[in-house]
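Here is a short briefing on helix packing and charge pairing. Look at the model first, then read on.

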Amino acid sequence: MTYDTIVIGAGVAGLTAALRLADEGKRVLVMAKGVGSTHLAPATIDVLGFDPGPVARPAEALPAFTSANPEHPYARLRPGLIAASVEWFKERLPAIGYQGGLEENFLLPTAVGAVKPSALVPETMAAGDLRAGGQCVFVGLGLKDFYPAYLAANLAQAQPDGHAVSARSIEVSLPLAGRPDGSSAGLARMLEEPSVRDALVRELSRKLERDERVGFPAVLGLARAGEVWRELETRLARPVFEVATLPPSVSGIRLYNAMSSALREAGGRIHVGEPVVGAETSGGRVEAVITQPTARASTYRADTFVLATGGLASGGLQLDSYGGVSESVFGLPLADTPPPGGPRFLPDYFAEHPLNRVGVAVDDRFRPIDAGGQAVYENLHASGATVAGAYPWREASGNGLSLATGYAAAAAILEGAS
């Protein structure tokens, strides 16, 4: 079968491009070796959180940011596209119940008690917004790597937007006897059981103080998170919110499930566990990609392709033992690579390491380009962490970049087909 578009990568960028195209009636296939970064990161969409200090209003900050950083992927986007992608995302995934936008960032507590700016947040996290300060109590459920006392102690020292936050912690005991899975996903499934929620509410009701917002680790259900969250708010008679945890990320798993389900309902297909290992090209075009899930290779053909395999962390870019960096599917030329013999990393952990910006340079249609600025393949587009020029962890822009560039790649394909 020949597809209209094959998307390589099943993270936020790849699934955004695929879903946008499938919604327009295109025959879309997503191919990936794994599920992408969704299972590692929270489901918040951080468009621009720092520049270099905290950004309160992304819509106001982005023009100056892109002017000062002309090689940044955001600078390649035409005006209004980031906002359009955010609004589309909110409307397209009603099960997540995204709140917010580019007008003003939420300020959310992290699992270590820091404050993180986010443009879009799931409805289950929105009540944790700290812009106005207030009183919070953080609940421990026995989850490893989530320490509510540590979180509360650090958060009590913060003053987001100049407002004081009062924070304390409590521990509750869930009926875990005979349940071997104490992971975040295991707890999320448990909390979908009415008897477990009954026990939680009984114990919490005796320990809560007036006017407190109640923060839980992000394990309030896996397939029915909205239902669990709304029930707890009603029964506790207080605002309830989730705090993102260390991986695996339950909120990120929910996002992946919502996006992949929406894609299938729109007629798209997903092959996870089938890594793309090469391509057939001819006359400046990609004709097909080659996968090798087993000993036997398979070939898939399409009219257009989207590369969304990520950066060094996900294997979309590979670093060899000599310090050389390469793109893993098409062997595309890379931008911002350190010079031979130059440093790849710096001693300071939080420094701007030379390898951080490495990626594929793109034109205004998000097609990979060579050193002369010419498109390498006229029907190949790139998105997400594959694209050069950003410091997502420093800017707090990771999922925002993936969303906007995935949306842009799909828009370029749709415009080219019109």
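Buried means under 20% relative accessible area, exposed over 50%, and partly exposed in between (1.4 Å probe, protein chains only). This is a predicted model: local features need pLDDT of at least 70, side-chain atom pairs count only at pLDDT 80 or more, and totals for chains, interfaces and linings use all residues. Residues are numbered from 1 along each chain as its sequence is written, and side-chain values use heavy atoms, with hydrogens and water left out.

**Helix 1**
- Helix 1 covers residues 12-23; helices (H or I, at least four residues) and strands (E, at least two) are DSSP runs, numbered from the N terminus.
- Of its 12 residues, 11 are buried, so helix 1 is largely enclosed by the rest of the structure.
- Gly25 follows helix 1 and has a positive phi, near 85 degrees.

**Salt bridges**
- The whole structure holds 22 salt bridges, each a side-chain nitrogen of Lys or Arg within 4 Å of a carboxyl oxygen of Asp or Glu.
- Arg76 pairs with Asp364 at 3.3 Å, N to O.
- Arg76 sits in the loop between helix 2 and helix 3, Asp364 in the loop between strand 16 and strand 17, so the pair ties together parts 288 residues apart in sequence.
- Asp364 is exposed at 57% relative accessibility, while Arg76 is partly exposed at 28%.
- Asp363 and Arg367 form a salt bridge at 2.9 Å, N to O, and both are buried.
- A network of salt bridges links Arg197, Asp198, Glu231 and Arg235.

Conventions: Expected span 1.5 Å × (residues − 1).
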